[in-house]
Amino acid sequence: MKVGKFKRNFWLSSEIDCMLKIFKEIHSVQGSTTTTHYTFVQIANKMRKRGFVNKSPAQIRRKWFQMKSAYLCYKRGNVGRLLLIPERFRPIIATFIDNEYKNSLWLQQSESSENLDIEIEDEFDIGKSSLASVRNLQQQFLKDYEEMQKSLLQLQFKYQDIQDKNWIKYLSSIDLNTDTQCSV
């Protein structure tokens, strides 16, 4: 092996589990989902204290963004990318990422609605009751959208589970066919 070349970065399930638990702890303390270099340094240090000494902040960052990218591609329709995330961690990753985007969309929404409120009141001098009804409609729309998104996500998980089972069945049948051909 050449000097300066990294070994392949294999992750055990226990390492991923530890990383995600620490990630959750840090985000609950910080109160935000921003990922800075310092976040990954903290995770690496805490993982070392818990016995996982082989992961650097760069490796943790790479793993996090690989799983995040796989999940986002899956949400856009590339179902095959979801296989990069071990099945037992898929709901955890989905929760982290959906909350991250929900929080950022909520901040953008509240900033834009505040600006819109000011513009509407300045230009048209709309009464507060009309503005309240617009806000209520907007909240109802967001609530309906979130419910539709949750049901779509559940459907996608169900479809992925069926697809995973079919792959396992197919691969098992290939193994059985090759074993019978070798014994004949």
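**View 1. Crossing of helices H2 and H3.** The axes of helix H2 (residues 37-49) and helix H3 (residues 57-75) come within 8 Å of each other and cross at roughly 110°. Helix H2 is therefore roughly perpendicular to H3, a label given to angles of 65 to 115 degrees, whereas angles under 35 degrees count as roughly parallel, those over 145 as roughly antiparallel and the rest as oblique. Axes are lines fitted to C-alpha atoms, for helices over the stretch in contact, and angles run from 0 to 180 degrees between N-to-C directions. The model is predicted: local features need pLDDT of at least 70, side-chain atom pairs count only at pLDDT 80 or more, and totals for chains, interfaces and linings use all residues. Residues are numbered from 1 along each chain as its sequence is written, and side-chain values use heavy atoms, with hydrogens and water left out.

View 2. Helices (H or I, at least four residues) and strands (E, at least two) are DSSP runs, numbered from the N terminus. Of the 184 residues in the protein, 26% are buried. Buried denotes under 20% relative accessible area, exposed over 50%, and partly exposed in between (1.4 Å probe, protein chains only).

**View 3. Salt bridges around Asp17.** The structure holds seven salt bridges, each defined as a side-chain nitrogen of Lys or Arg within 4 Å of a carboxyl oxygen of Asp or Glu. In one of them Lys21 pairs with Asp17, with 3.3 Å between the closest N and O atoms. Lys21 and Asp17 are separated by about one helical turn, because they stand four residues apart in helix H1 (residues 13-30). Lys21 is partly exposed, at 47% relative accessibility. Asp17 also forms a salt bridge with Arg88, where the closest N and O atoms are 3.9 Å apart. Arg88 lies in the loop between H3 and helix H4 (90-124) and Asp17 in helix H1, so this pair ties together parts that are 71 residues apart in sequence. Arg88 is exposed, with a relative accessible area of 53%.

View 4. Lys165 forms a salt bridge with Asp161, and the closest N and O atoms are 3.3 Å apart. Both residues belong to helix H5, four residues apart, or about one turn of the helix. Lys165 is exposed, with a relative accessible area of 53%, whereas Asp161 is partly exposed at 27%. Elsewhere, salt bridges that share partners join Asp17, Lys21 and Arg88 into one network.

View 5. Trp167, Tyr170, Leu171 and Ile174 make a nonpolar surface patch of about 400 Å². Patches consist of residues with over 30% relative accessible area and no salt bridge; like charges are joined within 9 Å, and nonpolar side chains (Val, Leu, Ile, Met, Phe, Trp, Tyr) within 5 Å. Accessible areas come from the Shrake-Rupley method with a 1.4 Å probe, and for residues only the protein chains shown count as cover. Tyr170 lies in helix H5 (residues 128-183) and is partly exposed, with a relative accessible area of 46%. Gln154 is also in helix H5 and is exposed, at 56% relative accessibility. Gln154 and Pro91 are 63 residues apart in sequence and 10.0 Å apart in space, C-alpha to C-alpha.
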